[in-house]
Amino acid sequence: MQTAVIVFPASNCDRDAAVALEAHTGKAPHMIWHKDTSIPDDVRLVIVPGGFSYGDYLRSGAIASQSPVIKDLKQKAEAGLTVLGICNGFQVLTEAGMLPGALMRNAGQKFVCKVSRLRLANAQTRFTKLYDAKDDIDIPVAHHDGNYFADDDTLRRLEGNGQVVFRYVDNPNGSRNDIAGIVNQAGNVLGMMPHPERAVDALHGGTDGNNLFKSILGSM
Amino acid sequence: MADTLKSDDITPDVVAEHGISPDEYKIILDRLGRAPNLTELGIFSVMWSEHCSYKSSRRHLGKFLTSSKRVIQGPGENAGVIDIDDGDAIIFKMESHNHPSYIEPYQGAATGVGGIMRDVFTMGARPIALLNALRFGEPDHPKTKSLVDGVIAGIGGYGNCVGVPTVGGETNFHAGYNGNILVNAMCVGLARADNVFYSAAKGVGNPIFYVGSKTGRDGIHGATMASAEFDDDSEEKRPTVQVGDPFTEKLLIEACLELMATDAIIAIQDMGAAGLTSSSIEMADKGGVGVELDLDKVPQREVGMTAYEMMLSESQERMLMVIQPGKEPLAFKVFEKWGLDVAEIGTTTETGRLVLNHGGTTVCDIPIAPLADDAPNYDRPHTPTEPRAVIQPSDIVETEDYNDALLRVMTDPDMTSKRWIWEQYDRHVMADTMDSSQSGGDAAIIRIHGTNKAIAVTTDCTPRYCYADPYEGGKQAVAESWRNLTAVGADPVAITDCLNFGNPERPEIMGQFVGCIDGMNEACRAFDYPVVSGNVSLYNETNGVAIPPTPAVGGVGLIPDLSLIKTLKGAKDGDTLILIGDTEGWLGSSIYLRALMQREDGAPPPVDLAAEKRNGDYVRKLIRNRRVSAVHDLSDGGLAAAACEMAFTSVMGATLTNPTDLPAHAWYFGEDQGRYLIATDKNSINPILTTADGLGVKAQIVGTVGGDRIAAQDGFDVSLNGLRERWESWMPTLMSGATETV
């Protein structure tokens, strides 16, 4: 299966995402430069990776959300393309309006890098169906702006629709409802602050992220 | 300011303001055959500053062991280069950013990280790990908390954004750093051994390219600031601190590495201390050429900058390179792709002179050789530190409450968990971090991407030992580095050093410097563990009070097989604990004395280098023969601390025994060197003890693993979780403002 990773000038988890994708698909992903205007038609899954996109001196992901490639990504996602935004990628997707809400500065004001235990809030999505909803998983977080915020109406809608996918067991950043990851209403776009691509290797970060990649591939 | 070749009005005051002594000024007059103008004086001033010229330290640095069969490039380039087999090379260096970090902690620390990364990728390496060595003043000193807060945020803010994991380091708190904190940053990069880049600008008539951020007025005379003491008005120096832009650094890394994959670059040098001056002069000097620059072409952030300002600016994230003629379009294409400012600002010449043109006139025309090679090289007088009395265990009255003793030792500021710090660093980006600060282990372990090998990296120094006895302290810093790498199963390969001292013009400070270097060098030679790069930071003094001598050592080791790694994690229930190495119960200059009795006296533990090597080689062999389940080196706090740290990370208690005649305080808390604590299953006990005996290595059974308490038959008995809670909470409590006393 052909996959792709978007590369902004200061993406820094693009290689990690590519390594994880290649390990699972057996095929190197396309690395798509932010100035490119289109995503090849053979691509079935796009990762918007972690990092600092354009330095994030403004709001995290704000400038990246306006880049040429995101315009095309938005159109293709509306047509059903599977998209996974991780960390900065999640911030980009909210800034681009592809997911509701916003990621604000962590409640503790500090960058936080630690292993976070996550509860499966929805193990029925195309991203999570191989997880057992009963089992918590350990996935690392590393961010300064991971404090998920949405207004009450939006939160109610997210919760009611089962769009909340992951919740922190021990909330590291002040996110409302302990939200660590959400999908869009159609279920094809997932944004999450924890880094599943850093949890696909027993020698580095554990293997609890593997089922996320396997779930996606299994649903194609 | 008139920038012309006519002499400006260079008065003795102007000379003194530039940190140039009257004798040094005479040399300048002699070499030029005339008086310099202000721009030229500024150039001499930064090139001959302590920071750039090493004028007090050079003759002593020359003593170091700097070669081995794995050394590709020793000191003298931007960073050291070692061979790690299969055509792979590791490029690494540690550098200080002490003065700026005290004045402006966030930007000072951030730009320290940025600067050391540039030293590494300048040579063709992708940075793969960052470490640091930090020393702050007393925890309750009024400035300490804000300095800690700013420095940690600055280090994290820069490394996290660029996307290089910050994997390890060490942090001390001591009154000796109240007026001068130390921020030493280390970067480790990976390159191909046949594609290392150097700074020698060989060849005449080649284009010189400037790339990166625009030049502004920030950091002018930073190198000179770093070459003088502080006084009460030091905060007025804030304008000399540079401002970091990690986004541009990230672009520079990617762009430089992309261009380095072609044959376009002849020579490359980052603009660090003394900016455009130092980079152009070093490249020219090493290449044996002259340089002519057109300053009007330098990308500038502000209008109306003078030649003086441009040459002395320390704006960050800038590189200078000599490009292969004909490859200019390729260079422009790559840098423009990454959105970087790039300009062709000059050419190499055959004159051997630095010629600067600005606004249609020549504003500087001076020979390069005196700037680089005729820099002062002082043999400063040095007085050895008076030896201290050795403290015997019987000199120290035993505590009546060993539970309290253990608690005090483990909550000593230097001993406590530094989670508050390292959770602010992205330790996992690049997905090759196999072990980092989070396990509290001896060394961080970074896999070489896509291979079955790894490097181990660590930073080490015990300043209180160096203060007590510079020579033994210098030996110990290198020995502990070597031991920490050994304790994870690595072959120690080489070190970088960052030598932080007070004012070298004082003989007792110079004595500390010389003592530490001689001790370090002896250890380097004993272990075949050479120095391949480094940095000297002097004048770490405020109002005449110097820091404790702090020669920080950054070590790199090679792990040839990922399956042969052991760390302090992994002790199993029922494992036997074996202590490798001799114990005499050395309490002089120990954490125990300081934490319980507020005493910092006594000679520090001597390092028997032959025993250190014998013991370490044996432990590495046990790891490679899969004889052990966990290993931890013994250092601060002795056996008790090592056992606690092993227990904290394996979440399993331990019961310790004392098979000697030593009193409990000396046995459990003595800081004798060259020791390791290993955990092993019962089948391996006898082979380990027997083989050790044959090798002349002392090995004793000292306890068992299991339970939920840390206990000793003749000492403490405390709950593991309770102790851990106190150990973990010290730093968050400090930083939240509420100071808890033990």
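Predicted model: local features only at pLDDT ≥ 70, side-chain atom pairs only at ≥ 80, totals over all residues.
**View 1. Helices H18 and H19 of chain B, packed together.** Here we're looking at H18(B), residues 470-486, against H19(B), residues 507-527. Their axes sit 6 Å apart and the angle between them is about 40 degrees, which makes H18(B) oblique to H19(B). The crossing is right-handed. On the H18(B) side, the residues to look for include B:Pro470, B:Tyr471, B:Ala477, B:Val478 and B:Trp482. Across from them, H19(B) brings in a set that includes B:Cys516, B:Ile517, B:Met520, B:Cys524 and B:Phe527. Sorted by class, this contact has twelve nonpolar, five polar and four charged residues; among the residues taking part are B:Glu472 and B:Lys475 from H18(B), plus B:Asp518 and B:Glu522 from H19(B).

**View 2. Another helix pair in chain B, H7 with H8.** H7(B) covers residues 105-121 and H8(B) covers residues 144-162. The two pack at about 35 degrees, with 7 Å between their axes, and they cross in a right-handed sense. From H7(B), look for B:Pro105, B:Tyr106, B:Val113 and B:Met117, among others. Glycines turn up on both sides of the contact, including B:Gly108 and B:Gly114 in H7(B) and B:Gly150, B:Gly154 and B:Gly157 in H8(B). H8(B) also contributes B:Leu147, B:Ile155, B:Tyr158 and B:Val162, to name some of its residues. No charged residues take part in this contact, which divides into twelve nonpolar and seven polar.

**View 3. Helix H22 of chain B, tucked into the structure.** H22(B) runs over residues 638-650, and its length checks out: at 1.5 Å a residue it should span 18 Å, and the end C-alpha atoms are 19 Å apart, which agrees.

**View 4. Where chain A touches chain B.** The contact draws 22 residues from chain A and 24 residues from chain B. On the chain A side, the elements giving two or more residues are helix H1 (14-25), strand E6 (112-120) and strand E7 (137-143). E6(A) supplies the largest share, at three residues. By class, the chain A side splits into twelve nonpolar, five polar and five charged residues.

Conventions:
Residues numbered from 1 in each chain as written. Chains lettered and ligands numbered in written order. Axes fitted to C-alpha atoms, helices over the stretch in contact; angles between N-to-C directions. Helix = DSSP H or I, 4+ residues; strand = E, 2+ residues; numbered from the N terminus. Parallel < 35°, antiparallel > 145°, perpendicular 65-115°, else oblique. Left-handed = near helix turned anticlockwise from the far one by under 90°. Contact = placed C-beta atoms within 7 Å. Nonpolar A, V, L, I, M, F, W, Y, C, P; charged D, E, K, R; others polar. Expected span 1.5 Å × (residues − 1). Buried ≥ 20, exposed ≤ 12 C-beta atoms within 10 Å, placed from the backbone.
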